[in-house]
2 protein chains.
Amino acid sequence: MNQTFKVTGMTCGHCVNAVQRAILKTDNTAKIQVDLPTGLVSVASSLPRSTLVAVIEEAGYKVTSP
Amino acid sequence: MNQTFKVTGMTCGHCVNAVQRAILKTDNTAKIQVDLPTGLVSVASSLPRSTLVAVIEEAGYKVTSP
C-alpha cells in the first residue's frame, strides 16, 4: 500500500539516506521515494501508517501531515 | 597547527560528521571543531592546508576562504 508523508527537517542527501535506512530497517521490502525539496516521502509498505510515522520521527524528522 | 576554513554546503549534523570523518581518515590525530551555523571548520593538524581543502571538497563541500 502506498502511503505519502510530508516530512520536515531533511536538509541534504544524508538526511534522505537516514530516513530511508530507518524505514528499511523496519520493513526491508519497503519501496521508498523521497523528494528532498518538497519533503514528500512516499512509501510502499504493508506497515501501518502510525508505525511509519514513528520510525521517521525516531530518526529525527517531523511528519507534518497525518 | 590550527587552521580555519569557511565551508559551504553543510546543512545538518550528518554533513558535519561527513566532514569530520573525511579529515580523520586522512589524519586520525586531527582535532576538529565545526560550527554548523557559520560553516567554520577549525582543524588542528600537521597536514598542509591544501590537503585539508582537497579532503573537504572531496567529501562534497566547498571551501570558500583560502
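Student: In strand 4 of chain B, what is the bridge partner of Val7(B)?
Tutor: Val63(B) is that partner in this predicted model.

Student: And how many bridges join strand 1 to strand 4 there?
Tutor: Two, with strand 1 (residues 2–8) and strand 4 of chain B running antiparallel.

Student: What order do the strands of the chain B sheet take?
Tutor: The order is 2-3-1-4, in an open sheet of four strands with antiparallel pairing.

Student: Which strands stand at the edges, then?
Tutor: Strand 2 (31–35) and strand 4 (62–63) of chain B; each has a single partner strand, so one side of each lacks a neighbour in the sheet.

Student: Which strands does helix 1 of chain B touch?
Tutor: Helix 1 (residues 13–26) packs on the sheet and touches strand 2 and strand 3 (40–44) of chain B. Its direction makes about 160° with that of strand 2.

Student: Where does helix 2 of chain B lie?
Tutor: Helix 2 (residues 49–58) lies across strand 1, strand 3 and strand 4 of chain B, at about 30° to strand 1.

Student: Switching to chain A. How many bridges join strand 2 to strand 3?
Tutor: Five, between residues 31–35 and residues 40–44 of chain A, in antiparallel strands. One of the pairings is Asp35(A) with Leu40(A).

Student: What about the hairpin itself? Which residue takes a positive phi?
Tutor: Gly39(A), near 75°; the hairpin has four residues between the strands.

Student: What lies over the face of Phe5(A)?
Tutor: Arg49(A), at 4.2 Å from the ring centre. In chain B, Arg49(B) lies over the face of Phe5(B), at 4.1 Å from the ring centre.

How values were computed. Residues are numbered from 1 along each chain as its sequence is written. Chains are lettered from A and ligands numbered from 1 in the order in which they are written. This is a predicted model: local features need pLDDT of at least 70, side-chain atom pairs count only at pLDDT 80 or more; totals for chains, interfaces and linings use all residues. Side-chain values use heavy atoms; hydrogens and water are left out. Two strands pair if DSSP finds at least two bridges between them. A charge sits over a ring if NZ of Lys or CZ of Arg is within 6 Å of the ring centre and within 35 degrees of the ring normal. Contact means heavy atoms within 4.5 Å. Axes are lines fitted to C-alpha atoms, for helices over the stretch in contact, and angles run from 0 to 180 degrees between N-to-C directions.
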